[in-house]
Amino acid sequence: MNLADLNEVAQAMVAPGKGILAADESSPTITKRFNAIGVTSTDESRRDYREMMFRAADAMTKYISGVILYDETIWQNAKDGTPLIKLIEQAGAIPGIKVDEGTQPLPACPGELVTVGLDRLAERLKKYYAHGARFAKWRAVIDINTAGRIPSMTAIGVNAHALGRYAALCQAAQIVPIVEPEVLMDGDHDIDRCFEVTTRVLNVTFQELRKQRVALEGMILKPNMAVPGKKSGKNASVEEVAERTVRMLKACVPAAVPGIAFLSGGQSDEEATAHLDAMNRIDNLPWRLTFSYGRALQAAAQKAWSGKSENVAAGQRALIHRARMNSLASKGEWRADLEEKAA
């Protein structure tokens, strides 16, 4: 492992004013998103959609530091035969790859899940590195269910252990791991419960990372924000979400970690941007805070594109606008009135 090179990639992933485009939706997930805009999901339509994004030059060169790819995408070629991974590299962004293989029910823990995919991961990482991937992502899923006493410490511990194993294998393969322990925002919990559970999850995750000798300087954390559950009927102000989230991270995340790239977790486009902006207006942050958004970057672009070649430019404009808004938020320079001045 060459830690200096890993750290250089990690620093580039959270470079000022830039963030990560999460374009790693599984085939079933992107099929659902395409169904919502009336597009049939095929190898070709998925390729065309992602090519449209990767050719959005202003977004890719100015605001996007890296792209998380799905296994299908990393091997695909654009219509003109150019490998999609080369389009990313030519724009100056870093190609990355989602390496987990989804979730399975966790034995003896009803309603809880464990992420799988460690088998043969070392071999897969070698192939991805040879093809150009320089970072990877593994997502653990932690639900909150007050009635069912979820999450259990078993689920937290098992998923944290897997994140640690994955991160160690990545670094051994000279690939920067994005460590993503996502506490879902789908439940009926309030912001206090989210804060409490996420704090526990992050603490256990970093314990595992240390146990497994993961170099913190060569990784990126991708956490959820402290927000109320969607079913709670409760709201929290932008300032409260920002203050709680930063307090939570300061209590759990060592300063050696180069940066934190948030997931949007089902927030609306503008909510995710506003929360990130408010956090970056808080002083004395020991790490860079930026975005690693999927839906919060892509939803508007998907709708504008709608599977039609004549809409490619409109889809690209929508992506450029959202990428620019989040770039400003990553520097604490976003304003709500800028949303009305779409590119």
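Predicted model: local features only at pLDDT ≥ 70, side-chain atom pairs only at ≥ 80, totals over all residues.
Elsewhere, Phe 34, Tyr 49 and Trp 305 are joined into a cluster by ring pairs.

**Helices α8 and α9**

- Two packed helices are described by the angle between their axes and the distance between the axes.
- For helix α8 (residues 153–172) and helix α9 (residues 191–211), the axes come within 8 Å and cross at roughly 40 degrees.
- On the α8 side, the contact is made by Met 153, Ile 156, Gly 157, Ala 160, His 161, Leu 163, Gly 164 and Ala 167.
- Facing them from α9 are Arg 200, Val 201, Val 204, Thr 205, Glu 208 and Leu 209.
- Sorted by class, this contact of α8 with α9 holds eight nonpolar, four polar and two charged residues.

**Helices α10 and α11**

- Helix α10 (residues 238–252) packs against helix α11 (residues 269–280) at an angle of about 60 degrees, and the axes are 8 Å apart.
- From α10, the residues in contact are Val 238, Val 241, Ala 242, Thr 245 and Val 246.
- Their partners in α11 are Ala 274, His 275, Ala 278 and Met 279.
- The class count for α10 with α11 is seven nonpolar and two polar residues, with no charged residues.

**Aromatic rings**

- A pair of aromatic rings is described by the distance of the centres and the angle of the planes.
- The model has six aromatic pairs.
- One of them joins Phe 34 and Tyr 49, an edge-to-face pair with 5.7 Å centre to centre and 85 degrees between the planes.
- Phe 34 sits in helix α2 (residues 27–36) and Tyr 49 in helix α3 (residues 43–54), so this pair ties together parts that are 15 residues apart in sequence.
- Phe 34 and Tyr 49 are both buried.
- Phe 34 also pairs with Trp 305: the ring centres are 5.6 Å apart and the planes lie at 50 degrees, so this pair is tilted.
- With Phe 34 in helix α2 and Trp 305 in helix α12 (residues 295–305), the pair links distant parts of the chain, 271 residues apart.
- Phe 34 counts as buried because its relative accessibility is 0%, and Trp 305 counts as buried at 3%.

**Two buried residues**

- Where does Ile 64 lie? Its place is in strand β2 (residues 64–69).
- Ile 64 is buried, because its relative accessible area is 2%.
- Beyond residues up to four places away in sequence, Ile 64 touches Lys 18, Gly 19, Leu 21, Ala 59, Ala 93, Phe 291, Leu 297 and Ala 323.
- Between Ile 64 and Ala 155 there are 33 Å in space, C-alpha to C-alpha, and the two are 91 residues apart in sequence.
- Asn 326 belongs to helix α13 (residues 312–329).
- With a relative accessibility of 0%, Asn 326 counts as buried.
- Which residues does Asn 326 contact, leaving aside neighbours within four places in sequence? They are Thr 273, Leu 276, Phe 291, Tyr 293, Ala 296 and Leu 297.
- Phe 291 and Leu 297 are in contact with both Ile 64 and Asn 326.

Technical notes. Residues numbered from 1 in each chain as written. Heavy atoms only, no water. Helix = DSSP H or I, 4+ residues; strand = E, 2+ residues; numbered from the N terminus. Buried < 20%, exposed > 50% of the residue type's maximum accessible area, 1.4 Å probe, protein only. Contact = heavy atoms within 4.5 Å. Axes fitted to C-alpha atoms, helices over the stretch in contact; angles between N-to-C directions. Nonpolar A, V, L, I, M, F, W, Y, C, P; charged D, E, K, R; others polar. Phe/Tyr/Trp six-rings, centres within 6.5 Å; stacked < 30°, edge-to-face > 60°.
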